[in-house]
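Please look over the chain below with its confidence in mind. The questions that follow take up its strands and how far the coordinates can be read.

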Amino acid sequence: MLFLSSSASALPSSNILSKSYQNSTLGIDIHYPYNWKVITTECKPTGHGPCFGPTFIRPIINTGNQSVELEYVFPPVIMQNSSLQGQAAKIINRDNQSDTDLTLIDSKQVTNINGNKAWVIEYVFNPLECKGIGPEASCTFYQEPGSPYEHVMYTIIEKSGKLYEFKYSAEMKDELAFYKNLDIVRDILGSFKPMT
């Protein structure tokens with residue numbers, strides 16, 4: 001997978017991530033590019049699963065890219081209740097029960113995100129068929145005009161005794177566009193700090 005390597009530990013350039021989002025209720029501090037939008041919703045978990053906190057949205061650059069989003073999933077999981085691998089298994093089980101059109105193409109621990117252990121889970125939505133894993137995965141999609149597919153990656157970051165979950169999704173007609181946005185998503189995740 002191309003998502004993270006040991007070189008991901010350096011903080012990103014302030015020129016790239018010039019805006020800051022802080023929310024003491026959700027307990028997050030994260031930086032994002034000046035031209036991305038932040039959509040906030042009231043996030044109150046009901047006990048029936050997580051809810052989504054702020055969503056960071058990349059501007060649409062051309063007609064081939066419908067949407068690129070990074071969402072914070074609230075609340076974080078306390079490590080006493082789950083391990084990094086255990087939480088990944090719960091997410092996969094949750095998604096298998098809620099969406100049968102998702103195809104899992106990768107799930108593994110990555111080296112680090114800014115010095116923290118992390119786990120990534122990668123899916124594609126609505127493929128006809130997939131072979132292989134990660135960027136080597138070869139998927140055949142519906143070829144109907146105007147029928148984009150969605151590529152989703154959950155990232156779980158272990159920090160300060162808690163597991164923080166983020167969902168990166170790209171709904172696109174261009175299969176490679178998901179990977180083209182990974183560097184900036186990696187930088188955003190690298191800037192993440194929990195607020196105590």
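Q: Which residue in the turn of the hairpin formed by E6 and E7 has a positive phi?
A: In this predicted model, strands E6 and E7 form a hairpin with 2 residues between them.

Q: What is the bridge partner of Lys108 in E7?
A: Strand E6 (residues 102–113) pairs with strand E7 (residues 116–125) in the antiparallel sense, over 9 bridges. The E7 residue that is the bridge partner of Lys108 is Val120.

Q: Which strands stand at the edges of the open sheet of 3 strands?
A: The open sheet has antiparallel pairing and the order E1-E2-E12. Two of the strands each have a single partner strand, so one side of each is left without a neighbour in the sheet, and these are E1 (19–23) and E12 (193–194).

Q: What angle does the direction of helix H3 make with that of E2?
A: E1 and strand E2 (residues 28–32) pair over 5 bridges in the antiparallel sense, with Gln22 opposite Asp29 in E2. Helix H3 (residues 182–191) packs on the sheet and touches both E2 and E12. The direction of H3 makes with that of E2 an angle of about 150°.

How values were computed:
Residues are numbered from 1 along each chain as its sequence is written. This is a predicted model: local features need pLDDT of at least 70, side-chain atom pairs count only at pLDDT 80 or more; totals for chains, interfaces and linings use all residues. Side-chain values use heavy atoms; hydrogens and water are left out. Two strands pair if DSSP finds at least two bridges between them. Helices (H or I, at least four residues) and strands (E, at least two) are DSSP runs, numbered from the N terminus. Contact means heavy atoms within 4.5 Å. Axes are lines fitted to C-alpha atoms, for helices over the stretch in contact, and angles run from 0 to 180 degrees between N-to-C directions.
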